[in-house]
Amino acid sequence: MLQLSGRSPFPQPPLGAGHLSVEYAPEPSAVREARTEVRRQLEGWGLAEHGEVADVAELLVGELATNALVHAESRFRLTLFAAHGVLRCEVADTERRVPRVLEAGTGESGRGMFLVDALAQRWGCHRDGPGKTVWFELGTCGSDGCGRRQP
């Protein structure tokens, strides 16, 4: 007979975790609005208290949103998913060129993907119809590692 302990062998999603998708107009204020929405949503999902996840997510979404405005010069869509100890943030735009990680030199620009590469657990890009989606993932479980995945 199989006995089950009170603990689940699988990590549970954070309380209130879920999904959000918002489209932004190609205006400079959209980057600030996207960062604000990330913070608000993570607070609503109870993830703002998990280490630096909200700060890092806000920073990296700001970088991806800026890239969408500068390179695609069109509307972009921010999508957030949170479950099972992982926060996934996506920014979709109409530019087909895939972003590259540049060295973090002393210039005023070009550091966005360097930061994404340095701070995210994983990140990637895939083409969608006329454009692309750039995404990154962060763990939301603190030091216990419940959201860590192998590349």
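This is a predicted model: local features need pLDDT of at least 70, side-chain atom pairs count only at pLDDT 80 or more; totals for chains, interfaces and linings use all residues.

Arg75 lies in the loop that runs between helix H2 (53–72) and strand E2 (76–83). Beyond its neighbours within four places in sequence, Arg75 is in contact with Glu23, Tyr24, Ala25, Pro26, Ala92 and Asp93. For Asp93, the C-alpha to C-alpha distance to Arg75 is 6.5 Å, at a separation of 18 residues in sequence.

Glu90 belongs to strand E3 (residues 86–93). Residues up to four places away in sequence aside, Glu90 touches Arg77, Leu78, Thr79, Phe81, Thr133, Val134 and Trp135.

| Residue | Relative accessible area | Side-chain polar contact |
|---|---|---|
| Arg75 | 43% | Glu23, 2.6 Å |
| Glu90 | 15% | Arg88, 2.9 Å |

Glu90 counts as buried because its relative accessible area of 15% is under the 20% cut-off. Arg75, at 43%, is partly exposed.

How do H2 and H3 pack? Helix H3 (residues 112–119) packs with H2 at an angle of about 145°, and the two axes are 9 Å apart. The crossing of H2 past H3 is left-handed. On the H2 side the contact is made by Val56, Leu59, Leu60, Glu63, Leu64 and Asn67, and on the H3 side by Gly112, Met113, Leu115, Val116 and Leu119. Sorted by class, this contact has 8 nonpolar, 2 polar and 1 charged residues.

Technical notes:
Residues are numbered from 1 along each chain as its sequence is written. Side-chain values use heavy atoms; hydrogens and water are left out. Helices (H or I, at least four residues) and strands (E, at least two) are DSSP runs, numbered from the N terminus. Buried means under 20% relative accessible area, exposed over 50%, partly exposed in between (1.4 Å probe, protein chains only). Contact means heavy atoms within 4.5 Å. A polar contact is a pair of N or O atoms within 3.5 Å; within protein, one must be able to donate a hydrogen and the other to accept it, and residues adjacent in sequence count only if both atoms are side-chain atoms. Axes are lines fitted to C-alpha atoms, for helices over the stretch in contact, and angles run from 0 to 180 degrees between N-to-C directions. A crossing is left-handed if the near helix is turned anticlockwise from the far one by less than a right angle, and right-handed if clockwise. Ala, Val, Leu, Ile, Met, Phe, Trp, Tyr, Cys and Pro count as nonpolar, Asp, Glu, Lys and Arg as charged, and the others, Gly among them, as polar.
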